[in-house]
Amino acid sequence: MPSKTIGLLIAATVSLLSATATLAQSIPTGAAAARYDADFNTWLKKEIWPEARKAGISQKTLEATLTGLSINWKLPDLIIPGQKPPKEQAQSQAEFSSPGAYFSEQRLQGLAATGRSLAATHAATLKRIEGTYGVPGNIVVAIWGRESGFGRAKLPNVVIDVLATKAYTSTRKDMFRIELIDALKIVESGDIAASKMMGSWAGALGQPQFMPSSYLKYAVDFDGDGHRDIWNSVPDALASIANYLSKRGWQRNRDWGFEVSIPDDVSCAQEGPDLARPVADWQKMGIRRISGKAFPSNDLSADGMMLVPAGRNGPEFVVTPNFYVIKEYNNSDLYALFIGNLADRIAYNAGPFQAKWGNVGSMLRSDVLSMQTALVAKGYDVGKADGLAGFKTRRSIGDWQSKNGLRPTCFPDATLKAKLR
């Protein structure tokens with residue numbers, strides 16, 4: 001779901017599920033539901049209609065799309081008007097609980113087999129896309145598969161209804177209000193009727209799962225029929241994904257990255273896009289591709305970055321700037337690694353990462369947050385102290401471990417809770 005503001009919406013967190021369960025026990029019915037719907041439509045006319053008119057939306061479109069709507073109480077992350085949102089629960093994220101589970105071999109093999117078949121079917125289109133945008137077809141097909149099962153995933157929701165509901169009564173009202181106005185702009189453009197603008201529970205559209213704001217910026221008409229149709233046109237959907245990556249900075253003729261082996265005497269605290277150095281420099285440190293193959297010659301003088309998403313407890317990588325472009329699509333290291341691995345399987349019949357994801361415990365966000373707070377007090381830059389073990393947190397842990405006589409693992413674990421105080 002390509003949007004920085006919505007990157008974490010794809011993964012359903014424990015707190016979101018808890019909020020949904022709480023709401024499910026008290027969904028309004030009968031007269032109460034009718035009253036809420038009346039208030040909802042009054043709010044739309046008072047708040048959204050004037051804002052939409054200023055954005056160029058016609059009265060005809062407003063009457064056709066925003067009249068007589070009902071709150072979709074089946075959506076997650078809603079707050080019944082007049083009630084307080086549920087308290088956030090302790091959370092556990094895949095990045096530091098079970099990263100191996102994210103890379104389901106059965107799922108990856110299935111996606112790769114279908115991806116190879118569809119890459120062959122659409123080879124001419126993909127070649128033209130790569131020539132236009134510089135993004136390899138295997139990367140585009142991998143994202144297509146991950147986001148919507150190559151366009152086969154059911155999109156159960158009319159997006160206008162989703163966005164209107166969430167703009168009125170979710171925990172992220174301002175964001176969804178902006179997306180609602182952008183969705184109305186799409187309808188106004190004539191690309192698709194509101195009733196056919198189908199998407200996810202979060203309002204992501206079509207086969208690429210674009211939010212409306214991303215659709216307006218990156219969707220393209222690649223089949224030449226005069227409409228940007230990311231729901232039904234494979235050329236439009238694939239080219240829109242490529243255009244997104246290209247506009248976000250994809251570098252032509254470079255891969256996404258390489259699984260490597262990092263010697264024990266090379267610090268894992270050198271991770272991060274802000275510590276980039278020529279791939280040749282990493283090679284001089286003794287870092288080698290785990291496959292035994294040499295780094296491509298054109299990469300040696302270009303920037304590469306160390307990536308250790310599980311610290312010393314899992315696969316290690318040297319990635320290119322293109323890895324971080326993939327992260328623009330969904331801001332998660334594991335997502336970008338999933339796409340990279342799937343793309344390699346599609347293009348080169350590659351297998352899983354060779355190094356195994358170790359047992360990294362099941363750290364709660366609250367535990368990681370306490371470690372981040374302690375590191376900040378010691379002068380470390382952990383990035384955003386949010387309980388998520390991003391690269392700045394990982395390398396801060398590794399640096400602190402090294403300076404305190406511990407073997408650097410560059411990853412939070414239970415043994416560090418008492419020591420990091």
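This is a predicted model: local features need pLDDT of at least 70, side-chain atom pairs count only at pLDDT 80 or more; totals for chains, interfaces and linings use all residues.
A charge sits over a ring if NZ of Lys or CZ of Arg is within 6 Å of the ring centre and within 35 degrees of the ring normal. Arginine 146 meets this with the ring of phenylalanine 338, its charged end 5.0 Å from the ring centre.

Residues are numbered from 1 along each chain as its sequence is written, and side-chain values use heavy atoms, with hydrogens and water left out.

**Aromatic pairs**

The structure holds 21 aromatic pairs (ring centres of Phe, Tyr or Trp, the last by its six-membered ring, within 6.5 Å; planes under 30 degrees apart are stacked, over 60 edge-to-face, the rest tilted).

| Pair | Centre distance | Plane angle | Class |
|---|---|---|---|
| Tryptophan 256 and phenylalanine 317 | 6.2 Å | 50 degrees | tilted |
| Tryptophan 256 and phenylalanine 323 | 6.5 Å | 35 degrees | tilted |

Tryptophan 256 lies in the loop between helix H11 (234-247) and S3, and phenylalanine 317 in strand S7 (residues 316-319), so their pair ties together parts 61 residues apart in sequence. Helices (H or I, at least four residues) and strands (E, at least two) are DSSP runs, numbered from the N terminus. Phenylalanine 323 is in helix H14 (residues 321-329), 67 residues from tryptophan 256.

Tryptophan 256 is buried at 1% relative accessible area (buried is under 20%, exposed over 50%, partly exposed in between; 1.4 Å probe, protein chains only). Phenylalanine 317 is buried at 0%. Phenylalanine 323 is buried at 0% too.

Ring pairs build a cluster from Tyr102, Phe103, Trp256, Phe317, Phe323, Tyr324, Phe338, Phe353 and Trp357.

**Second largest pocket**

The second largest pocket has a volume of about 670 Å³. A pocket is an open set of points on a 1 Å grid over the protein atoms alone, with protein on both sides within 12 Å along at least five of seven lines; lining residues have an atom within 4 Å of a point. Of its 26 lining residues, Asp255, Arg289, Asp344, Tyr348 and Ala350 are closest to the centre. Helix H7 (137-148), strand S3 (257-261) and helix H15 (333-348) each supply at least two lining residues.

Terms used: On a 1 Å grid over the protein atoms alone, a cavity is a set of points where a 1.4 Å probe fits but cannot get out, and a pocket is an open set with protein on both sides within 12 Å along at least five of seven lines; lining residues have an atom within 4 Å of a point. Grid points are joined across faces, edges and corners, and a volume is the space filled by probe spheres set on the points.
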